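Please keep the sequence and the model at hand while reading.

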Amino acid sequence: MTDPLTKIREAALELPETEERLSHGLPTFFVAGKQFAQFRNNHHGDGKIVVCVRTSSLDEQAMLLEANPQTYSKPTYLPSWISIDVAGDGVDWSHVADRIAESWELAAPRRLLEAGGR
């Protein structure tokens with residue numbers, strides 16, 4: 001089985017000017033000082049292994065939660081973000097990488113987006 005944190009790191013750290021550091025004791029990824037992804041393993045005893053990423057709006061968050069409640073959940077402390085289940089062998093890692101990249105785009109400064117982004 002693939003280690004979820006390793007796969008998340010690979011996807012996040014390939015994006016321009018990304019850095020990883022701990023935030024509240026959790027591996028968290030930043031671009032230009034803004035958080036765009038966070039790995040959580042049994043956060044506050046919830047039993048989930050997830051990556052939390054930004055969504056463009058509360059409407060997008062609600063749509064994802066409704067469309068696929070087995071994959072998505074609402075993360076604590078991160079309003080308008082989404083948690084993606086990354087436990088088990090059935091994870092679509094290309095989808096996870098795409099959501100991480102979309103989250104990066106929502107957090108990245110205009111100069112990086114204008115330079116071509118990812």
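## Terms and basis

Helices (H or I, at least four residues) and strands (E, at least two) are taken as DSSP runs, numbered from the N terminus. The model is a predicted one, in which local features need pLDDT of at least 70 and side-chain atom pairs count only at pLDDT 80 or more, while totals for chains, interfaces and linings use all residues. Residues are numbered from 1 along each chain as its sequence is written, and side-chain values use heavy atoms, with hydrogens and water left out.

## Positive phi in two loops

Most residues other than glycine have a negative phi. Y77, which is placed in the loop between β5 (72–73) and β6 (81–85), has a positive phi near 70° although it is a residue other than glycine. With a relative accessibility of 63%, Y77 counts as exposed, where exposed stands for over 50% relative accessible area, buried for under 20% and partly exposed for what lies in between (1.4 Å probe, protein chains only).

A32, likewise not a glycine, has a positive phi of about 50°. This residue belongs to the loop between β2 (26–31) and β3 (34–41), and A32 is partly exposed, its relative accessible area being 46%.

The structure holds 6 salt bridges, each defined as a side-chain nitrogen of Lys or Arg within 4 Å of a carboxyl oxygen of Asp or Glu. One of them joins the side chains of E20 and R9, with an N to O distance of 2.7 Å. This pair links distant parts of the chain, since E20 is in strand β1 (residues 18–23) and R9 in helix α1 (residues 4–13), 11 residues apart. E20 is partly exposed at 28% relative accessible area, and R9 is also partly exposed, at 30%.

Another salt bridge is formed by R111 and E17, whose closest N and O atoms are 2.8 Å apart. Here R111 lies in helix α4 (residues 110–114) and E17 in the loop between α1 and β1, so that distant parts of the chain, 94 residues apart, are linked. R111 is partly exposed, with 48% relative accessible area, and E17 is partly exposed with 46%.

## A buried pair within a network

Which residue forms a salt bridge with E60? The partner is R99, the closest N and O atoms being 3.1 Å apart. Because E60 lies in helix α2 (residues 58–67) and R99 in helix α3 (residues 93–107), the pair ties together parts that are 39 residues apart in sequence. Both E60 and R99 are buried, and together with E102 they are linked in a network of salt bridges.
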